[in-house]
Each structure stands twice: as structure tokens, then as C-alpha cells.
Amino acid sequence: ASSPLLKVPRRDSGSTPTYITPKGSRMCSSYAATLSPEERKKRKLESLRWHGRLPLKVDPQLSKPHNIHDVDRYQVAMLSGGTFVFHCAYLSGRKEEVRLKLLEGEVIPTLQFGEFGYVYLPFVSEMKLGSGSLSGTRGDESLMFTLTYGPHDMVFEATTKALFDFWCEGIQVVTAAHKRPKTLKLHLLKLWHELVGNSTEISYADLVLLLEKLMKKFDEKDVRLKEVFREYSISGSSLSFNELLSVVRVIRGYSAMKPVFHDYASNDVMSASQFLSFLHREQKETYLELEDAVQMINSLHESPDPTSPEMPWDVFCEYLADERLNSAFDSAQRGFVWQDMGRPLIDYYIESSHNTYCTSDQLAGKSSVEMYAKVLREGCRCVELDCWNGDSGEPVILHGRTLTSKIKMKHVLMAIRDNAFVTSKYPVVLSLENHCTARQQLRQADLLESILGKLLYRPQSVDVETFPSPEALQYKILLKGPVVADYYSTTDYGGEYGGAKKMKPAKVTKELCDLTYLRATRLTGEIYTGSRKCQEMSSFVEDRVNKLYKNQPSETVQYTNLQFARVYPKGTRVDSSNYDPIPAWNMGCQMVALNYQTSSEPMWINTAKFDDNGGCGIVMKPPIMTETEKFDPVNNPKFYTGKKPKFPHQKVNRESLWWSDAPGSS
């Protein structure tokens with residue numbers, strides 16, 4: 001039982017389809033057509049680097065593994081915990097044990113050091129001998145290696161030459177294995193571990209649970225699951241992982257593509273030239289060359305001869321389900337940053353997370369530092385920190401007045417520092433909700449300056465007329481929080497960190513105000529569209545946004561052309577469910593914050609929106625919103641073209657196959 005193929009317009013069809021879009025902001029049917037081959041390759045390489053897809057660049061002086069595909073030998077030994085190296089903290093000189101670990105819900109290993117130091121291996125771009133740019137780090141240079149992780153260089157040291165060679169080789173092997181795209185096989189492996197752990201077989205009952213998670217519309221009888229299970233199960237009672245792959249391919253409709261595969265294949269395999277013919281004739285991707293076909297096949301599996309790779313049927317199935325190589329969307333607009341990033345930041349949508357620390361529900365769920373690293377690596381550019389008074393003068397983050405667990409603010413800031421610019425170079429906003437007293441606010445300011453350092457964007461003036469652009473704010477972290485004229489006085493501090501008076505935390509310390517760039521203000525009554533400072537911004541609960549969408553949509557668009565607006569879920573969503581983000585986006589709200597820990601339709605829509613523009617987490621608003629004096633997204637029927645899009649060509653793509661809760665799905 002296969003779903004119908006999704007029809008999408010292509011630029012080679014001979015006619016340009018008409019989209020239902022606002023007048024004055026009609027979308028180009030294919031941005032790629034305007035780019036030269038050189039510019040396309042340049043942007044594609046930059047995107048591959050940001051998304052951890054380029055091969056690891058290795059210093060020729062470092063030891064090379066005998067077999068780059070021998071993942072099990074190295075990964076099993078490194079995951080066992082019996083072998084480790086040290087991370088050398090450059091400034092303090094402190095050395096921390098480094099081990100390879102599988103974080104919760106992950107199938108790709110991560111280097112972990114200290115309590116909350118992470119290096120997510122697919123995003124390591126370079127490996128060098130010695131301490132590199134951090135020369136002067138104490139230790140034996142011949143036993144040190146440096147990993148480049150995003151904009152950071154991190155130095156590691158082994159205790160012996162044998163251990164040094166083993167870790168250098170192991171990191172190369174494990175990194176190479178996990179730099180491949182997130183294929184169906186990898187996604188199934190993740191679901192397998194969630195359901196049966198390290199078991200080598202899966203029962204029929206667990207298979208049903210797995211398919212319910214994998215497929216958007218799953219009916220056990222409709223896909224004849226019992227019949228297919230009996231056909232592919234050698235034991236008759238369970239499936240191995242390879243048998244599971246075969247079952248999934250059958251019930252997801254891959255068998256319908258076999259005749260097409262055999263039209264181009266010889267002896268059950270496609271050569272690179274035959275695959276290129278398929279891409280030109282069936283997919284209408286005529287701009288691709290033989291070099292591109294070779295690269296695509298090599299990215300899907302290891303060929304004996306990488307210069308002349310071949311594609312068997314199972315690899316062809318991987319191509320069909322690949323989120324990057326075979327998307328229904330224009331790869332030119334998703335593959336790299338193609339929009340003008342020189343306009344004021346206020347003219348863009350910013351991918352935003354609500355209660356980022358939560359891993360499950362909002363009442364008694366676990367809070368995790370790892371969630372900040374995870375959402376930032378996924379491209380999120382705005383995270384939330386709910387700060388409360390902690391023990392021993394250390395601010396903590398939790399969902400206040402609930403049973404959620406606590407995490408220290410300093411650990412969260414370390415995770416943000418290390419992961420903020422791993423997959424995107426554009427600015428990150430820290431939405432600070434502050435419930436701390438004066439002395440702990442002073443500690444917050446100290447932590448922000450000492451941990452984030454030069455990454456923190458400091459306000460130059462509160463009277464600027466134009467907001468800086470994403471281009472001007474590269475590698476910068478902006479703090480959003482309340483700023484009031486009634487500061488805490490120095491007598492309220494009672495010394496550096498101790499002896500503070502017991503006061504209501506309505507005031508804000510001057511030290512924290514001085515670091516705050518986006519200034520939270522409360523907006524009561526109706527939307528105000530008059531002149532305001534562009535650094536001021538307001539937050540709206542989802543219920544108020546729905547009322548504004550009905551009563552003041554045009555005024556809200558005018559407001560969001562002048563200031564930032566952040567939208568967040570209502571407090572009754574204790575199960576971490578999400579609201580529909582589209583009304584808020586239609587009114588120009590820049591930061592529409594969702595619960596990232598909950599996979600549901602609103603999050604799929606959010607993922608699809610921010611997959612555009614290279615997945616950098618920042619997408620430009622439609623020009624009609626920012627260039628029209630008065631724009632009404634709801635009550636103006638003349639706004640639409642009234643014409644339905646035409647679909648002159650049918651493309652085989654991953655979105656036409658049943659797929660739910662998968663990497664990049666929406």
C-alpha cells in the first residue's frame with residue numbers, strides 16, 4: 001500500500017506555475033536557475049561544512065586507521081569507558097577526562113568531558129597535531145591533538161603514545177561513519193534502540209510500535225503486516241535489523257519503484273552515468289552533472305571504487321528517503337543561505353524554543369543541559385532560560401513552582417557557548433526570565449561575561465534607530481530580558497555575593513541591565529503602532545495572538561515592523577504540547593517559541609519553515625510585510641492571486657513516501 005507520488009513544479013517543465021502568494025512578493029519557481037554553477041558549488045560546500053557533511057580534515061602527521069570503515073572496533077572500545085584522554089582547559093590549565101558516550105535519545109556518539117562539555121562528532125571539521133592556535137597549553141605537545149568544533153578549537157591530551165594513536169584513529173573512523181546523511185537506516189536504528197535496546201531481534205508487537213512511530217498513517221491490516229512479517233522473518237517469530245529494513249521498504253511502497261530502477265540498471269546495479277540519466281529524465285534535475293551523481297552515490301554508501309561507484313537496489317531506496325538528496329523542495333533554497341542577510345534583524349523570522357531545558361512535561365519532567373546543545377545544533381536561534389535562586393549563590397534553571405529538576409545556569413551557558421555556532425554563524429538570542437534576587441543577578445552577570453566573553457553582544461546605545469543585520473551579528477549572542485529604570489542599589493547587594501536584603505525580584509541589577517540588548521516591555525491594552533525604540537520588545541501568550549489575529553491583524557503587522565515580538569505557549573500546556581505557529585508568523589511575529597521536546601504537527605511545520613535558507617535558523621519575512629504601508633493578512637481578499645498552482649511534472653521524492661517524525665520531516 002503506497003501513497004500517491006507528490007507532484008511538484010520544476011523549472012524544466014516549460015512553464016512557470018502560479019503560486020498562491022501575496023501580490024508584490026511572488027516567489028521564484030526555482031532560485032537555482034539564477035545561480036552560476038560556480039556560485040552553486042561554493043554555497044553548497046559552505047552548507048555542507050555547517051551541517052557536518054564535509055570529510056574530516058586531518059593533519060598528515062597524525063596516525064591514520066588501517067581501515068576507515070572499521071567502526072565497531074574503535075567505537076565499542078571507546079564507548080566501554082575503559083579508555084579515555086584528557087581535555088585541556090586553556091585558561092585554567094585544568095585537565096578533565098574525556099570519554100565517548102551515547103547521550104539520551106542519540107545513536108551518534110559524543111565526546112563528553114567534565115560535567116557538561118560536549119563535542120558532537122559529525123560537526124568536527126578538522127583534527128590537528130599539538131595544541132594549534134592554543135599554543136602554550138601545559139603538557140606534552142607530541143601527545144596533544146586539537147579538534148575544530150564550529151568556531152572553537154579544543155585541545156586533548158593522551159597519557160601514552162599508543163593511546164594517542166588509538167584515539168586519533170578512532171575519532172577519524174567514528175566521525176567518518178556518522179558524517180553521512182540521516183538515512184532511513186539510521187532513523188530505524190534510533191527507533192530500534194528506543195524499543196529493544198541492544199537486542200539483536202525485534203518481536204512482532206515491538207514492530208507494530210516502531211511502525212506507528214515511523215509512519216504518519218499506519219494501518220496494520222492495510223499494509224498486510226502479518227503477511228509481510230511471515231515472508232521476511234527467517235525465525236518466524238522475530239526480525240533481525242536487516243530483515244526489518246526489507247519489511248519497511250515493502251510496506252512503504254518502495255516495491256512500486258522497482259520497475260523504474262530496472263529501466264536504468266544493468267545486472268541489478270546502477271552505474272553513476274545510469275543514475276545521472278535517471279536524475280535527468282525522471283527527476284528533471286538537468287543541472288546535475290556526472291560529478292554530482294558520483295558524489296551522491298558515495299555519500300550513501302561505501303563503494304569499492306569511489307571514482308566509479310555503483311548503486312544497488314537497497315542504496316537506491318536510501319536515496320529515495322534521503323532528506324537532503326531527494327527532497328520535494330527546491331534544494332537550491334534549502335541547501336544553503338540564499339536570502340539577503342543584510343537587512344535589519346527585525347525583518348526576519350527567528351527559530352525559537354520555549355522552556356528549552358524541559359525534556360518532557362512541564363510539571364515533573366527532567367531538566368537537561370543537553371537540550372540546549374541539541375536544539376542549537378538543529379538550527380534554533382532563540383533559547384529560553386528561566387532563572388531562579390539556587391543554593392550557595394549559584395542561579396539555577398527550572399520551571400518555577402513545579403517539580404521539574406534543577407540545572408545550574410553556568411552549565412547551560414557553557415553548553416550554549418560550545419554549540420551556538422556549530423551549524424549556523426548567525427546570532428543567538430537568550431530569552432532570560434529572571435526570578436532571582438540582587439546578589440544572584442550579580443552572579444548571573446558575572447557568569448555571562450566570564451563564560452560567553454566576546455560572544456556576548458553588548459549594547460552600544462539604547463537610542464539606535466535601526467537594528468543590526470544578521471550579517472553584522474555573526475557569532476554574537478544577544479541577551480533579552482527586563483530592563484527597568486529602578487535599579488537595585490549597591491546597598492541591596494550587601495557585598496560582592498553575600499548578605500543581600502530579602503527583596504522582591506522585580507528590580508534588575510545595573511550589571512545585568514548593561515548586558516541586556518533586547519529590552520522586554522509589557523504591552524497592555526491594544527497593539528500600539530506609534531514610534532518606539534527598536535530594542536524594546538514584548539512577549540505574547542498564544543491566546544492573545546489568536547485574539548489579535550481576529551481583531552487587529554493589520555496593526556500587529558505594523559507593530560512587528562517596528563519591534564520584536566515573541567510568542568509562547570499558554571501555561572495550561574503542562575504536557576508540553578504546541579499551538580499552531582502560522583497565525584503568529586502571518587502577523588510578522590519574529591520569535592514564535594515552541595516546545596522542541598514534543599514532536600507533533602506544529603513542530604513539523606516549524607522544521608519545514610526553517611529548513612529554508614540553508615537551515616541557518618533565520619528566514620526573511622515576505623517583502624509585502626515589510627515594504628507595504630498597511631498589510632492585512634486576514635481581511636483583504638485582494639491579497640491572493642486566486643489561482644491554483646499547476647503541477648506539470650511528477651517527481652519521485654522522499655515526502656511522497658510514508659514518513660513521520662523523521663529527520664527533516666514536516
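1. Let's start where two helices touch. In α2, the residues Val-71, Tyr-74, Gln-75, Ala-77 and Met-78 meet a set in α3 made up of Phe-166, Trp-167, Glu-169, Gly-170, Ile-171, Val-173, Val-174, Ala-177 and His-178. Contact here means heavy atoms within 4.5 Å. By class, this contact of α2 with α3 has 10 nonpolar, three polar and one charged residues. For the classes, Ala, Val, Leu, Ile, Met, Phe, Trp, Tyr, Cys and Pro count as nonpolar, Asp, Glu, Lys and Arg as charged, and the others, Gly among them, as polar.

2. A word on what you are looking at: this is a predicted model, in which local features need pLDDT of at least 70 and side-chain atom pairs count only at pLDDT 80 or more, while totals for chains, interfaces and linings use all residues. Residues are numbered from 1 along each chain as its sequence is written, and side-chain values use heavy atoms, with hydrogens and water left out.

3. Now the geometry of that first pair. Two packed helices are described by the angle between their axes and the distance between the axes. Helix α2 (residues 71–79) and helix α3 (residues 161–178) have axes that come within 9 Å and cross at roughly 115 degrees. That makes α2 roughly perpendicular to α3. The crossing of α2 and α3 is left-handed. Axes are lines fitted to C-alpha atoms, for helices over the stretch in contact, and angles run from 0 to 180 degrees between N-to-C directions. Angles under 35 degrees count as roughly parallel, over 145 as roughly antiparallel, 65 to 115 as roughly perpendicular and the rest as oblique. A crossing is left-handed if the near helix is turned anticlockwise from the far one by less than a right angle, and right-handed if clockwise.

4. Another helix pair is worth a look. The axes of α5 (residues 204–214) and α6 (residues 225–232) come within 12 Å and cross at roughly 120 degrees, which means that α5 is oblique to α6. The crossing of α5 and α6 is right-handed. On the α5 side, Tyr-204, Leu-207, Val-208 and Leu-211 meet Leu-225, Lys-226 and Phe-229 of α6. The contact of α5 with α6 has six nonpolar, no polar and one charged residues.

5. Next, the charged pairs. Side chains of opposite charge can pair when their charged atoms come close. With a salt bridge taken as a side-chain nitrogen of Lys or Arg within 4 Å of a carboxyl oxygen of Asp or Glu, the count comes to 13 salt bridges. One of them joins the side chains of Asp-153 and Lys-128 at 3.7 Å, N to O. Asp-153 lies in strand β8 (residues 152–157) and Lys-128 in strand β6 (residues 124–129), so this pair ties together parts that are 25 residues apart in sequence. Asp-153 is partly exposed at 23% relative accessibility, where buried means under 20% relative accessible area, exposed over 50%, and partly exposed in between (1.4 Å probe, protein chains only).

6. Among the buried residues are Met-409, His-411, Val-412 and Leu-413. The side chains of Arg-417 and Asp-418 meet in a salt bridge of 3.0 Å, N to O. Arg-417 is partly exposed at 25%, whereas Asp-418 is buried at 4%. Elsewhere, salt bridges that share partners join Glu-394, Arg-443 and Asp-446 into one network.

7. Finally, the overall picture. The protein has 22 helices and 23 strands; helices (H or I, at least four residues) and strands (E, at least two) are DSSP runs, numbered from the N terminus. Buried residues make up 53% of its 666 residues. As for contacts with a separation of 6 or more, residues 24 or more positions apart account for 68% of them.
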